[in-house]
Amino acid sequence: MIEVKNLTKRYGSHTAVSNLSFHIETGQIYGFLGPNGAGKSTTMNIMTGCLAATEGEVTVGGYDIFEDAAQAKRRIGYLPERPPLYLDRTPLEYLAFVGQAKGLTGSALEEQMRRVMAVTQIESVSNRLIKNLSKGYQQRVGIAQALLGDPEVVILDEPTVGLDPKQIMEIRALIQSLGKDHTVILSSHILSEVQAVCQTILILSKGRLVACDTPENLEKRFAGTTTVELTAEATAEEVRAILAPLDHILEVTTREEPRGRCGVVLETDGEDALCREIFFAFSRAQKALLRMTTAQTSLEEIFLELTAEAPVVQLPGEGQRQDGEEAEG
Ligand SMILES: Nc1ncnc2c1ncn2[C@@H]1O[C@H](COP(=O)(O)OP(=O)(O)OP(=O)(O)O)[C@@H](O)[C@H]1O
């Protein structure tokens, strides 16, 4: 549906987006995840034709967003980070204005307005001034305008920012329902949000794409090791002898405890069946296993690692060098 190839955006000497390439398929909810300044808004603004790229190509449904802007934009509904709401208008007036700007008139406009107001559940406030609506309802109006024209793709930049927890839950539910009929791309700097709503996560860091996968695969791909902690009724020496024949154990740390117990921490390569084997190994040795727990690297830890601040490199005589200016391999 959307193809982004080698996209780069520089603001003066600062590279906001660096050699970004990815593919958005029809019918999924995608999440752009990254800390503040990662380049999410810049990428979305370029994908929606609101901002020119320095280099690279974006096509929407096969149409180039720069060369064939009208055709490409028709397929996209966009809610920017700061929605362009007219605060002194009512949602009805505002939606009529946006609908006309998108080329809708007469009964087609009325029918679409009715539909988007029903989807976003703003009928009850449609005659109140937008400035008097709660932030949650203002956001719904912003989403309603993005849906006018029945675009195939809906792009939402930080749709839950500034909302209270109840409003966040409601907007998330709305986004999930939009995912049934649209391809949805949203940005967020909150991992749990993207994890809860999106089928594919694109992690951006300093203008670069550092990962793109399902939440489950990201966990699998980056988790690598699993830590197993156990307590056994045995000496440290006995524990090591019991574990020695088992594969998939990378490191063993033991600590003898009172009452003939031993606390053990194992670094493993993440093999799922290992806990079972450990259990039976202790059983065969007639040593009681009193406790066993596993802890995997969480998606939160993966995100923090992938987007960790790299130290600013300043070479002699080079002046202020901006990270991300070299071309990505
Ligand atoms: N108009 C501009 N002029 C100069 N630099 C800009 C401009 N817009 C964005 N930047 C810079 O480009 C980088 C990427 O910004 P962008 O807004 O795309 O990030 P973001 O991931 O959306 O972050 P946020 O969540 O804070 O909006 C940042 O370093 C930002 O300061």
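Author: Start with H4 and helix H5 (residues 135-147), whose axes come within 9 Å and cross at roughly 140°. Axes here are lines fitted to C-alpha atoms, for helices over the stretch in contact, and angles run from 0 to 180 degrees between N-to-C directions. That angle makes H4 oblique to H5; angles under 35 degrees count as roughly parallel, over 145 as roughly antiparallel, 65 to 115 as roughly perpendicular and the rest as oblique. On the H4 side, the contact is made by Val-116, Met-117, Val-119 and Thr-120, while H5 brings Arg-140, Ile-143, Ala-144 and Leu-147. Two residues are in contact if their C-beta atoms, placed from the backbone, lie within 7 Å. The residues of this contact of H4 with H5 divide into six nonpolar, one polar and one charged. Ala, Val, Leu, Ile, Met, Phe, Trp, Tyr, Cys and Pro count as nonpolar, Asp, Glu, Lys and Arg as charged, and the others, Gly among them, as polar.

A word about the labels. This is a predicted model, in which local features need pLDDT of at least 70 and side-chain atom pairs count only at pLDDT 80 or more, while totals for chains, interfaces and linings use all residues. Residues are numbered from 1 along each chain as its sequence is written. Helices (H or I, at least four residues) and strands (E, at least two) are DSSP runs, numbered from the N terminus.

Now look at the other partner of H4. The axes of helix H3 (residues 91-101) and helix H4 (residues 106-120) come within 10 Å and cross at roughly 125°, so H3 and H4 are oblique to each other. From H3, Leu-95, Ala-96, Gly-99 and Gln-100 meet Leu-109, Gln-112, Met-113 and Val-116 of H4. This contact of H3 with H4 has five nonpolar residues, three polar and no charged. Notice Val-116: in H4 it meets H3, and it is also part of the contact with H5.

Val-4 counts as buried because it has 23 C-beta neighbours inside 10 Å; a residue is buried if 20 or more other C-beta atoms lie within 10 Å of its own, exposed if 12 or fewer, and partly exposed in between, with C-beta atoms placed from the backbone. Leaving aside neighbours within four places in sequence, Val-4 is in contact with Leu-20, Ser-21, Phe-22, Met-47 and Val-58.

For a contrast, go to Glu-251 in strand E12 (residues 249-257). Glu-251 counts as exposed, with 10 C-beta neighbours inside 10 Å. The C-alpha atoms of Glu-251 and Glu-267 are separated by 5.0 Å, although the two are 16 residues apart along the chain.

Two loops deserve a visit as well. Most residues other than glycine have a negative phi. Lys-206, not a glycine, has a positive phi of about 50°; Lys-206 lies in the loop between strand E9 (200-205) and strand E10 (208-213), and counts as buried with 20 C-beta neighbours inside 10 Å. Gln-286 has a positive phi of about 60°, again without being a glycine. Gln-286 is found in the loop between helix H10 (274-284) and strand E14 (289-296), and is exposed, with 8 other C-beta atoms within 10 Å.
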